[in-house]
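Biologist: Please take me through this chain, and tell me each time what a value is being compared with before you give a feature its label.

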Amino acid sequence: MESAAASEHTSFNSMVTKAYPLRILNHNTEEHGNSGGAEPYVGLEFDTAEEAREYYNVYAARTGFKARTGQLYRSRTDGTVSSRRFVCSKEGFQLNSRTGCTAFIRVQRRDTGKWVLDQIQKEHNHELGGEAHVEEMTTPRPVRTPAPTKLAATVNQHRPKMKVVDESDREQRSSKSSVKRFKSGSGEGEVSNDHLPKAVSGSEPYAGLEFGSANEACQFYQAYAEVVGFRVRIGQLFRSKVDNSITSRRFVCSREGFQHPSRMGCGAYMRIKRQDSGGWIVDRLNKDHNHDLEPGKKNQDGLKKITDDVMTGGLDSVDLIELNNNNNSHIKKATSRENRIGKEWYPLLLDYFQSKQTEDMGFFYAVELDVHNGSCLSMFWADSRARFACSQFGDAVVFDTSYRKGNYSVPFATFIGFNHHRQPVLLGCGMVADESKEAFLWLFQTWLRAMSGRPPRSIVADQDLPIKQALSQVFPVAHHRYSAWQMREKERENLRPFPSEFKYEYEKCIYQTQTVVEFDSVWNTLINKYGLRDDVWLRDIYEHREHWVPAYLRASFFAGIPINGAFEPFFAASLDALTPLREFIGRYEQGLEQRREEERKEDFNSYNLQPFLQTKEPVEEQCRRLYTLTVFRIFQNELVQSYSYLCLKTYEEGAMSRFLVRKCGNESEKHAVTFNATNLNSSCSCQMFEHEGLLCRHILKVFNLLEVKELPSRYILHRWTKNAEFGFVRDMESGVSSQDLKALMVWSLREAASKYIEFGTSSLEKYKLAYEIMREGGKKLCWQR
């Protein structure tokens, strides 16, 4: 273990050393007579966040300022605290005494359970004076004695370590002591004075009762339940729309609801709400039960651990140890997963699904069941049009979890594709019960089954571990690209302390490098220039560069989904975080119909409008005839831009040639094009065709030079053409089963028939025309009335 009296490091040095708690720091300072050894630096390691806080207090007192606890950040995977900031007391402007000082340290929790200092700002904008007093936050807290019923977490030797939830190790604690005593005839059910809320008389919970943590409230309610005579379950939780942290929790009678034969809809519960101070307060309460009570009943079957402050490390399950009053212990498996979908949503959605199936034979839905108690968990659904759209445009998919940013009132996720007009199309919807690997695994497998087992070539999704694990298992060949919004959020968080010069060069390295070799070279130069070789976050994102760096993504087909930009959620115009339950279905269908109406308009325009030609090239006329309006305009722009490039042959051997294509007046913008005269195969270093499915200006320049008058059919992807809806026919000989093929044909014919009905009923004349067309077609199919 390294000494805490290490020399001062620069802010970009990330060597990990051991930091001692407050008492050890004071001892070392006295022993060595050197107060300079407590200088904070990037890479300093602590056992707990509390230890880091105490360390910063000592440093602050010696330097001449006061410290306080700043912002915390929580994991989007399990809601646990992932990093903390400790700031100068003069940070911000909320009080007259504050000056907006920017001095702070930030510690981040690693997979090992340690906390490492990863960001620091030492400069203050005010005078420092002598030994400053440490604020109240440094006052030692009394160690609380264990509750009668205590849950601890343990894992086997092959799993990552879990943090045992102990009341003396809480990071957010009310400064109040807890005093409460339950009484029963036998004297059982007593709770120690050090464990329950202070200044509470009697044995009854009440609105306004305060706790230092949610776990403390859970244990209080369990002890109360034992005395009164019922069992407790952990009910629904609510999260902040701002940072996704847990803001309130419900503890309910085990007979609440009707999902199990033993339940009878009991309405008794206690809800606690998180305060700004970090403590929790009872804000809602119902003590009336609709069943007989059994005083002294032990809470065994209903107990479950609150895990908002436990580092699960992506475990498949959690082993729980229950410690009873006699200090005997036994191990049991957690029997249920957390469910973030309100129970009132299930009857509403199931009724909707069943009604849709009566009018849409291709409507698909599935519900995940808890194998332990049979209760409903995640849900998935897709109508026939979404399933048919996947046969056309399911090659590049976006798994949109915008609900994690607070966009929706429920954990509502969507599978989105992009059609031949480059418009988003719905490929299925899901409600995600919890953000576990099991939930996403079930959802992806169900989507794949609904889409006839046709996996995408690429998928855009968040980078959280449960999603990554599920994607690699269900879609092992698909290229997983990280969500742009999540990458930008992490960049804002982790690049905040870096100088603006570094941020500029960082952006340039990512978005202006054209090849993987160029990116790796520029990245290594940048890291070495600023001495960031040991920066943990930069090293981590570099190791996963194939998931987010444009140069690594260009070789995979993403149907033109912008690499460095985010797209609007599919239901952004109709659903939001304030949409009430009773309006969800109506507004969902309204938003879906609006999107599909936009697609119908583009279909109509592509067949009935003809854009102007801007050149005399035969390839332009060829593509105008085949492409949709939107895609043709993209191709036309590439063709026009090709006129501002110069082409120079640099190599030729047999039928193979290589050309250097560069922009006039810009020596730095150049690309290499390879051409095979035998079969007209071409490739460009910009990889636009591989990424978007459209030829780039560089290849078009070479084609123009070599007088290629018509594009080979392999360079005109059927998915971008006007009749892309019949693209599935090309898959008849690609191994698709007869059953799946029949389903695809049914969906295709139903879609065509719906268009006949839509346009054929707009007027009497169009009705007669549509009917006559169908009648004549029926004769050719030997269809007898």
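**Helices on a sheet**

Modeller: Helix H4 (residues 345-359) lies across E15, strand E16 (376-382) and strand E19 (424-431), and the direction of H4 is at about 30° to that of E16. Helix H13 (residues 581-608) also packs on the sheet, where H13 touches E16, strand E18 (412-418) and E19 and makes about 160° with the direction of E19. Touching here is contact, that is, heavy atoms within 4.5 Å, and the angles, on a scale from 0 to 180 degrees, are taken between N-to-C directions of axes, which are lines fitted to C-alpha atoms, for helices over the stretch in contact. This is a predicted model, in which local features need pLDDT of at least 70 and side-chain atom pairs count only at pLDDT 80 or more, while totals for chains, interfaces and linings use all residues. Residues are numbered from 1 along each chain as its sequence is written, and side-chain values use heavy atoms, with hydrogens and water left out.

Biologist: What are the edge strands of the sheet, and what makes them edges?

Modeller: The sheet is open and has seven strands in the order E15-E16-E19-E18-E17-E20-E21, with mixed pairing. Strand E15 (364-369) and strand E21 (479-482) are its edge strands, as each pairs on one side only. On average, neighbouring strands of this sheet are turned by 20° against each other, direction ignored. Helices (H or I, at least four residues) and strands (E, at least two) are DSSP runs, numbered from the N terminus, and by that rule the chain has 19 helices and 25 strands.

Biologist: Why do E17 and E20 count as a pair?

Modeller: Two strands pair if DSSP finds at least two bridges between them, and strand E17 (residues 396-400) and strand E20 (residues 458-461) have three, in the parallel sense. Ala-396, for instance, has Ser-458 in E20 as its bridge partner. Strand E22 (residues 645-653) and strand E23 (residues 656-663) run antiparallel and are joined by eight bridges, with Tyr-645 opposite Lys-663 in E23. E22 and E23 form a hairpin with two residues between them, and Gly-654 in that turn has a positive phi of about 65°.

Biologist: Why is Val-661 called buried?

Modeller: Buried means under 20% relative accessible area, exposed means over 50%, and partly exposed is in between (1.4 Å probe, protein chains only); Val-661 is at 0%, and therefore counts as buried. Val-661 is in strand E23, and among the residues it touches, leaving aside those up to four places away in sequence, are Tyr-645, Leu-646, Cys-647, His-671 and Val-702. The C-alpha atoms of Val-661 and Leu-648 are separated by 6.4 Å, although these residues are 13 apart along the chain. Over the whole chain of 785 residues, 51% are buried.

Biologist: Why are H10 and H11 called roughly antiparallel?

Modeller: Helix H10 (residues 516-529) and helix H11 (residues 536-543) pack at an angle of about 175°, with their axes 13 Å apart. Angles under 35 degrees count as roughly parallel, over 145 as roughly antiparallel, 65 to 115 as roughly perpendicular and the rest as oblique, and H10 and H11 are therefore roughly antiparallel to each other. Where they meet, H10 brings Phe-519, Asp-520, Trp-523, Asn-524 and Ile-527, and H11 brings Leu-538, Ile-541 and Tyr-542.

Biologist: What span should H13 have, and how far apart are its end C-alpha atoms?

Modeller: The expected span is 1.5 Å times one less than the number of residues, so the 28 residues of H13 should span 40 Å, and the 42 Å between its end C-alpha atoms agrees with this. Buried residues in H13 include Phe-584, Tyr-588, Arg-595 and Asp-603.

Biologist: Which class of accessibility does Leu-680 fall into, and why?

Modeller: Leu-680 has a relative accessible area of 26%, which means that it is partly exposed. Leu-680 is in the loop between strand E24 (666-676) and strand E25 (682-684), and its phi is near 65°, a positive value in a residue other than glycine. Ala-559 has a positive phi too, near 55°, but Ala-559 is buried, at 2% relative accessibility.
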